[in-house]
Amino acid sequence: MPVQALFKPFHLGALELPTRVVMAPMTRSFSPGGVPNSKVIEYYRRRAAAGVGLIITEGTTVGHIASNGYPNVPQFFGDAPLAGWKKVVDAVHAEGGKIVPQLWHVGSVRRIGTEPDASVPAYGPSEKLKDGQVVVHGMTQQDIKDVIAAFAQAAKDAQSIGMDGVEIHGAHGYLIDQFFWEGSNQRSDEYGGSLANRSRFAIELIQAVRAAVGEGFPIIFRFSQWKQQDYTARLVQTPEALGEFLKPLSDAGVDIFHCSTRRFWEPEFDGSELNLAGWTRKLTGKPTITVGSVGLDGEFLQFMVNTDKVAQPASLENLLERLNKEEFDLVAVGRALLVDPDWAQKVREGREQDILPFSREALMTLV
Ligand SMILES: Cc1cc2nc3c(=O)[nH]c(=O)nc-3n(C[C@H](O)[C@H](O)[C@H](O)COP(=O)(O)O)c2cc1C
């Protein structure tokens, strides 16, 4: 099957991507002090140089005291981090690539003791106590306003340092998804209750980001059914419910939906072959990004724990068929690109035999 479909340009307003290959956001924890350094710059530059059309950066935290959950994650606020990101942008642009930051707030996943201020507890939709101590501070409506303002400011900063858009991390059981999911949102105010109410935080956040960046600056929204707290969780069970969930997000200003699944070939609902990105495109009329085990024979979560498993390169046939049928517009690649900066180029040139397998070892270095 010809691979050209992956290497056609993509246009959306002023956004022009040279190829359909997107680098999936992947936390790498190589930014001490929250600042992307020369190694990080080189890491992203290499992917752009080898045919990745759009880089979505690793999750990068917005300017709120409790946004971070892990060591050495880059920040998206403050002079030094933003100056570091500006260098990343310039390096990627010099190679003809495009780049957006993934704006992140981890919500209740944070643990006391985490940088930058070890004394700050997690913030989440609902309070949690452990041994009489607040481990998750239940967010007040003022906290909600503050976090929304932090996302809007980060988006404005992204625009001013030359980023090509932003991705809002609304997936995987982090803050925005914690509001969506009834398993983590027990609020009794207008931000809790029905799915429409639980979506209010995301909708207001997207509207604030849109207001901050104006029309024409791309907003990508990443969402998932699965949560890191529960891989089988689902926000919606039917296409109708998915449509109802997505419409207000779309109307609030999302340009592209990034539909996070672990295996792109799995039908999202019975009775149709369409995956989550396929359904989302059909229901919203907006372009979508698919993701999940592209080019590899094992899904990613099994590598988040200690394992000596190896994911081997796998055929792209099914993916290309779906892309040719325009089930989705763009294809995000995670681990295959993490381990092999030249993955896209090797695919383009038919050098399958040179593509590297993925194992946990790849996480230890930034190549
Ligand atoms: C090391 C690692 C870090 C990740 N960090 C993030 C992240 O910061 N934000 C996010 O939305 N997804 C993150 N993910 C999920 C990936 O974006 C992607 O959805 C997942 O790896 C599936 O794609 P793949 O099968 O091609 O690897 C991470 C995945 C890996 C392997």
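Modeller: Let us begin with one helix and what lies around it: the cover over the buried residues of α7 includes α4 (175-180), α5 (195-198), α6 (200-213), β10 (219-224), β11 (256-260) and α8 (276-284). Please keep in mind throughout that this is a predicted model.

Biologist: Which residues of α7 are the buried ones?

Modeller: They are Pro239, Leu242, Gly243, Phe245, Leu246, Leu249, Ser250 and Ala252.

Biologist: Where does α7 bend, and what follows the bend?

Modeller: The bend, of about 30°, is at Leu246, and a proline, Pro248, comes within four residues after that place. After the helix itself comes Gly253, which has a positive phi near 135°.

Biologist: One of the covering elements was α5, so let me ask about a residue there. Why is Leu195 called buried?

Modeller: Leu195, which belongs to helix α5, has a relative accessibility of 17%, and because buried means under 20%, Leu195 counts as buried. Leaving out residues up to four places away in sequence, Leu195 touches Phe180, Leu235, Val236 and Phe245, and Phe245 is itself one of the buried residues of α7.

Biologist: Why does Glu268 count as buried?

Modeller: Glu268 sits in the loop between β11 and α8, and its relative accessibility of 11% is under the 20% cut-off, so Glu268 counts as buried. Apart from neighbours within four places in sequence, Glu268 is in contact with Gln225, Arg234, Thr261, Leu274, Asn275, Leu276 and Trp279.

Biologist: And why is Ala150 called buried?

Modeller: Ala150 is part of helix α3 (residues 141-160), and with a relative accessibility of 7%, under the limit of 20%, Ala150 is therefore buried. Setting aside residues up to four places away in sequence, Ala150 touches Val62, Gly63 and His64. Ala150 and Ser67 are 83 residues apart in sequence, and their C-alpha atoms are 9.6 Å apart in space.

Biologist: What makes the backbone at His172 and Ser293 worth a remark?

Modeller: Neither residue is a glycine, and yet His172 has a positive phi of about 60°, while Ser293 has a positive phi of about 65°. His172 lies in the loop between β9 (166-169) and α4, and Ser293 lies in the loop between β12 (288-291) and β13 (310-311). With relative accessibilities under 20%, namely 10% for His172 and 8% for Ser293, both residues count as buried.

Biologist: What kind of peptide bond joins Glu115 to Pro116, and what is its omega?

Modeller: The bond is cis, with omega near -5°, and Pro116 is in the loop between β5 and β6 (122-124).

Biologist: Let us turn to the pockets. How much space lies in the largest pocket, and which residues are nearest its centre?

Modeller: The largest pocket holds about 1,000 Å³ of space, and 40 residues line it, with Pro25, Met26, Thr27, Phe300 and Met304 nearest the centre. Two or more lining residues come from each of β5 (98-104), β14 (330-333) and α10 (335-339), and α10 gives the largest share, three residues. By class, the lining has 23 nonpolar, twelve polar and five charged residues.

Key: Residues numbered from 1 in each chain as written. Predicted model: local features only at pLDDT ≥ 70, side-chain atom pairs only at ≥ 80, totals over all residues. Heavy atoms only, no water. Buried < 20%, exposed > 50% of the residue type's maximum accessible area, 1.4 Å probe, protein only. Contact = heavy atoms within 4.5 Å. Bend = angle between axes of the 7 residues up to and from the residue. 1 Å grid on protein atoms, 1.4 Å probe; cavity = no way out; pocket = protein on both sides within 12 Å on 5 of 7 lines; lining within 4 Å. Points joined across faces, edges and corners; volume = space filled by probe spheres on them. Nonpolar A, V, L, I, M, F, W, Y, C, P; charged D, E, K, R; others polar.
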